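User: I have a chain open here and would like to talk through its fold. Could we begin with the core?

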Amino acid sequence: MASWCRKCIYLKPMMEKLAAEFDTKIKFYYVDVNKVPQALVKRGNITKMPTIQLWKDGEMKEEVIGGHKAWLVIEEVREMIKKFL
């Protein structure tokens, strides 16, 4: 995410609700690409925002790039999580 990204700002409260839904099963982290070392951004291969990635055992397993309607993004993320739980 990024503080200047309008879609990121819009999605954040919805992602927080989703995080509460999976509270004991998965951890959610918000990373502002402008406030972390660029090595982290490169490791995640982040090129567009918002990008929601699922990491397991130190590997990125799947991602959703949220350039479309927020409710669709949240549903895609929910389905992504369910695949790996």
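User: Which residues of the largest nonpolar core touch the most other members?

Analyst: This is a predicted model. Its largest nonpolar core has 13 residues, and Met15, Leu18 and Val77 touch the most other members.

User: Which elements give two or more residues to this core?

Analyst: They are α1 (6-21), β1 (51-56) and α3 (70-84). The most comes from α3, which gives six residues.

User: And Val77, what is it in contact with beyond its neighbours within four places in sequence?

Analyst: Val77 is in contact with Met15, Leu18, Ile52 and Val64. Two of these partners, Met15 and Leu18, are also named with Val77 as touching the most other members of the core.

User: Which residues does the second core include?

Analyst: The second core is separate and has six residues, among them Met1, Cys5, Val33 and Val41.

User: Let us step back. What is the secondary structure of the chain?

Analyst: The chain has three helices and two strands. Along the sequence they follow the pattern α-α-β-β-α.

User: How does the radius of gyration relate to the globule rule?

Analyst: The radius of gyration is 12 Å, close to the 12 Å that the globule rule gives for 85 residues, so the chain is as compact as a globular protein of that length. The C-alpha trace spans about 30 × 30 × 20 Å along its principal axes.

User: What share of the residues is buried?

Analyst: Buried residues make up 31% of the 85 in the chain. As for contacts with a separation of 6 or more, 51% are between residues 24 or more positions apart.

User: Now α1. Which of its residues are buried?

Analyst: The buried residues of α1 are Cys8, Leu11, Met15, Leu18 and Ala19. What covers them includes β1 and α3.

User: Where is the kink in α1?

Analyst: The kink, of about 35°, lies at Lys12, shortly before the proline Pro13.

User: What span should α1 have, and how far apart are its end C-alpha atoms?

Analyst: With 16 residues at 1.5 Å a residue, α1 should span 22 Å; its end C-alpha atoms are 24 Å apart, which agrees.

User: Moving to the strands, do β1 and β2 run parallel or antiparallel?

Analyst: They run antiparallel, and six bridges join β1 to β2, which covers residues 59-65. The two strands form a hairpin with two residues between them.

User: Staying with Gln53, what is it in contact with once its neighbours within four places in sequence are left aside?

Analyst: Gln53, which lies in strand β1, is in contact with Gly44, Ile46, Met60, Glu62, Glu63 and Met80. Its C-alpha atom is separated by 8.6 Å from that of Val77, a residue 24 positions away along the chain.

User: On to the backbone. Which peptide bond is cis?

Analyst: The bond from Met49 to Pro50 is cis, with omega near 0°. Pro50 is found in the loop between α2 (38-43) and β1.

User: What about phi at Asn45 and Asp57?

Analyst: Asn45 has a positive phi of about 55° although it is not a glycine. Asp57 is likewise a residue other than glycine with a positive phi, near 55°.

User: Where do Asn45 and Asp57 sit, and are they buried or exposed?

Analyst: Asn45 is in the loop between α2 and β1, and Asp57 is in the loop between β1 and β2. With a relative accessible area of 57%, Asn45 is exposed, because exposed means over 50%. Asp57, at 72% relative accessibility, counts as exposed.

Note on methods. Residues are numbered from 1 along each chain as its sequence is written. This is a predicted model: local features need pLDDT of at least 70, side-chain atom pairs count only at pLDDT 80 or more; totals for chains, interfaces and linings use all residues. Side-chain values use heavy atoms; hydrogens and water are left out. A nonpolar core is a set of buried Ala, Val, Leu, Ile, Met, Phe, Trp, Tyr and Cys residues joined through side-chain atoms within 4.5 Å. Buried means under 20% relative accessible area, exposed over 50%, partly exposed in between (1.4 Å probe, protein chains only). Helices (H or I, at least four residues) and strands (E, at least two) are DSSP runs, numbered from the N terminus. Contact means heavy atoms within 4.5 Å. Two strands pair if DSSP finds at least two bridges between them. The expected span of a helix is 1.5 Å times one less than its number of residues. The bend at a residue is the angle between axes fitted to the seven residues ending there and the seven starting there. The radius of gyration is taken over C-alpha atoms; the globule rule is 2.2 Å times the number of residues to the power 0.38.
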